[in-house]
Amino acid sequence: MNRYKQREQAFALIFQSLFSETEPQEIIDALLEDEETVIGDYSKQLFFGVCEKKNELDEIISEFSTGWKLNRISKVNLSILRLAVYEMKYIDDVPDSVAINEAVELAKRYSTKEDSSFVNGILGSFSRSRA
């Protein structure tokens, strides 16, 4: 499974976790009860990392989403933003530009064109602040 597919899988796991009080490992275990389900190692790394660093990621997203409170950001976009900010901050072999592009593609696929611009703007501002 390539990295794009694993990012997409991690996005789905992060999104699912927003609707559950279940521990991250329990979410993975429940999915793996279906013998045909495969969850990539990179997907797990991203999912567990986002869950562990959620508060820190949300602070960053809040800082760069001027005029938007987290509770006003759709759950789809919040999941995408958490994933991308985590990758940008903690995955050394993924350039910011790749994390941003992949996040924008996920937003185009699972959200709206306007939302993909919103995601791009927040992540671009975060990336520039790190330069």
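Which residues does Ser 116 touch, not counting residues up to four places away in sequence?

Reply: This is a predicted model, in which local features need pLDDT of at least 70 and side-chain atom pairs count only at pLDDT 80 or more, while totals for chains, interfaces and linings use all residues. Residues are numbered from 1 along each chain as its sequence is written, and side-chain values use heavy atoms, with hydrogens and water left out.

Leaving aside residues up to four places away in sequence, Ser 116 touches Val 104, Ala 107 and Lys 108, where contact means heavy atoms within 4.5 Å. Ser 116 sits in helix H7, residues 113–130 (helices are DSSP runs of H or I with at least four residues, numbered from the N terminus). Because its relative accessibility is 4%, Ser 116 counts as buried (under 20% relative accessible area, with exposed over 50% and partly exposed in between, using a 1.4 Å probe and protein chains only).

Helix H7 also meets helix H5, residues 75–90, and their axes come within 11 Å and cross at roughly 25° (axes are lines fitted to C-alpha atoms over the stretch in contact, and angles run from 0 to 180 degrees between N-to-C directions). That crossing makes H5 roughly parallel to H7, a term for angles under 35 degrees. On the H5 side, the contact is made by Asn 77, Ile 80, Leu 81, Ala 84, Val 85, Met 88 and Lys 89, and on the H7 side by Asp 115, Phe 118, Val 119, Ile 122, Leu 123, Phe 126, Ser 127 and Arg 130. Sorted by class, this contact of H5 with H7 has 10 nonpolar, two polar and three charged residues (Ala, Val, Leu, Ile, Met, Phe, Trp, Tyr, Cys and Pro count as nonpolar, Asp, Glu, Lys and Arg as charged, and the others, Gly among them, as polar).

Helix H5 also holds Leu 83, which counts as buried because its relative accessibility is 2%. Again not counting residues up to four places away in sequence, Leu 83 touches Arg 7, Ala 10, Phe 11, Ile 14, Leu 46, Val 50 and Leu 106. Leu 83 and Ala 10 are 73 residues apart in sequence, yet 7.7 Å apart in space, C-alpha to C-alpha. Ala 10 is one of the buried residues of H1, and these also include Arg 7, Phe 11 and Ile 14. What covers the buried residues of H1 includes H5, together with helix H2 (24–32), helix H3 (41–52) and helix H6 (96–110).

Terms used:
Helices (H or I, at least four residues) and strands (E, at least two) are DSSP runs, numbered from the N terminus. Angles under 35 degrees count as roughly parallel, over 145 as roughly antiparallel, 65 to 115 as roughly perpendicular and the rest as oblique.
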